[in-house]
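Here are a few notes to go with your first look at this one. Have the structure open while you read.

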Amino acid sequence: MTVRPELTRLAVLGWTLRRQHLAEGTSGDDVLSVIEDLLGLHATMTLSSYLQLHARTTGFVAAQLDSLLDEGRAARVGCMRRTLFIETAELVPLVLAATRSLSLRAVRYLEANGLTTEQYSSLAERIVSALTGRAMTVRQLTAAIGADQRLSPVVTVLCDESRLLRWRGRQGWRSGQPAYRRFDEVLPGAVPGARETPGAVRELVARYVARYGPVTESDITWWSGLRRVTVREAVDVSTSAGTLVPVTVQDLDGAFLVAATDLETAVAAPPPADEVSLLPVLDPYLQSHADRTRFAGPAHLPYVVDRGGNATSVVLAGGRVVGVWDHVREPTPEARLLFFEPPAGGLRRRVVRAAGELAAFLTGTELPVVECTHMEPLARSTGAFLSPLRHAR
């Protein structure tokens, strides 16, 4: 009987922080490389992508990501879990091929939105033509082609078909209203459908395990959105080939996997307990795992993750979630903090300083940092994870 290597939870946290560019001394200098190392930025919430990079990249400014999107070196695409990610141009063909089965069923979706396939085809051609050489929002497209119908469903299907791309916010990086561009103009070298799906799934799973391992099959299924049988087939092929290795993690239940090439480096020193990071909503550090118990205790999880699995904005110390942060605008703009347990003086000072710096990045000005003592569990209100301390006191 083969004995599986056993990793300590603290060593796993230290290893994860280093791979995620969150440990001190591991901040990235190249934004594109950081995006690739994360296998993409979660991009459902526009601001979150910029904050993910702010936490991991030396001297990051929003224009760096905007330039990559403008130049076609990165793109916002729907892929894993049928949600939006910003991926490097090199990764776009892989993630689209691996997640092809998750694309919307166009006919049913269009019918639900009152459109026939004939209407869709006509509107789609007019939209693609109108976007030649430029970017427009849905409202601008509606005016440009003189449409009487609602164009949002048409644009959604065009994105699923890799004919359009969701670009960046038309009014800048803080804008939640995207403009759209033609896929073939932004990514002329990325041919949709060029890769076969089974091989792409195996490669995507292997990359995910290498970046986020040790992980379980449930973690892989959660992150990718693929069917469990599809994930198991990919895992079986890779474990049989010896490229993925089963391990156990102390104090955590489940059968875990790591990349065989990473097994030696996985046995690492634990992170310093006062190593601080402030992460945004849906940050990959938390969002890329189904089970978050390695990051937060059971009593604190209801304040970290909602019923839908959405992770809120958190304070990390030593790789563990020790609290929650928020930027609120009313009644007055301020940064808010809530610690789950009273922190030592040195840790509190580091977190308060980090919260002030983050508020300055978000707003361009210094804001007061206010410490709260009570918040409601995230399940109490739909969307509460987006602003966890909005009603805190």
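1. Start with the charged pairs: this predicted model holds 13 salt bridges. Side chains of opposite charge can pair when their charged atoms come close.

2. Take R336 and E334, whose side chains meet in a salt bridge at 2.7 Å, N to O. Buried or exposed, what is R336? R336 counts as buried, because its relative accessibility is 8%, under the 20% cut-off. E334 has 12% relative accessibility, so E334 counts as buried too. While you're on this topic, look up E24, D274 and R350: salt bridges that share partners join them into one network.

3. D184 and R182 also meet through their side chains, with a salt bridge of 2.8 Å from N to O. Here R182 counts as buried at 17% relative accessibility, whereas D184, at 44%, counts as partly exposed.

4. Then there's R73, which forms a salt bridge with E71; their closest N and O atoms are 3.6 Å apart. With a relative accessibility of 40%, R73 counts as partly exposed.

5. Now move along to strand β3, residues 74-78. How many of its five residues are buried? Four are, so β3 is largely enclosed by the rest of the structure.

6. Which strand does β3 run antiparallel to? That's β4, residues 84-88, and five bridges join the two. For one spot to check, find V77: its bridge partner in β4 is F85. Together β3 and β4 form a hairpin, with five residues between them. In the turn, have a look at R81, which has a positive phi of about 60°.

Definitions and conventions. Residues numbered from 1 in each chain as written. Predicted model: local features only at pLDDT ≥ 70, side-chain atom pairs only at ≥ 80, totals over all residues. Heavy atoms only, no water. Buried < 20%, exposed > 50% of the residue type's maximum accessible area, 1.4 Å probe, protein only. Pairing = 2+ DSSP bridges. Salt bridge = Lys/Arg side-chain N within 4 Å of Asp/Glu carboxyl O.
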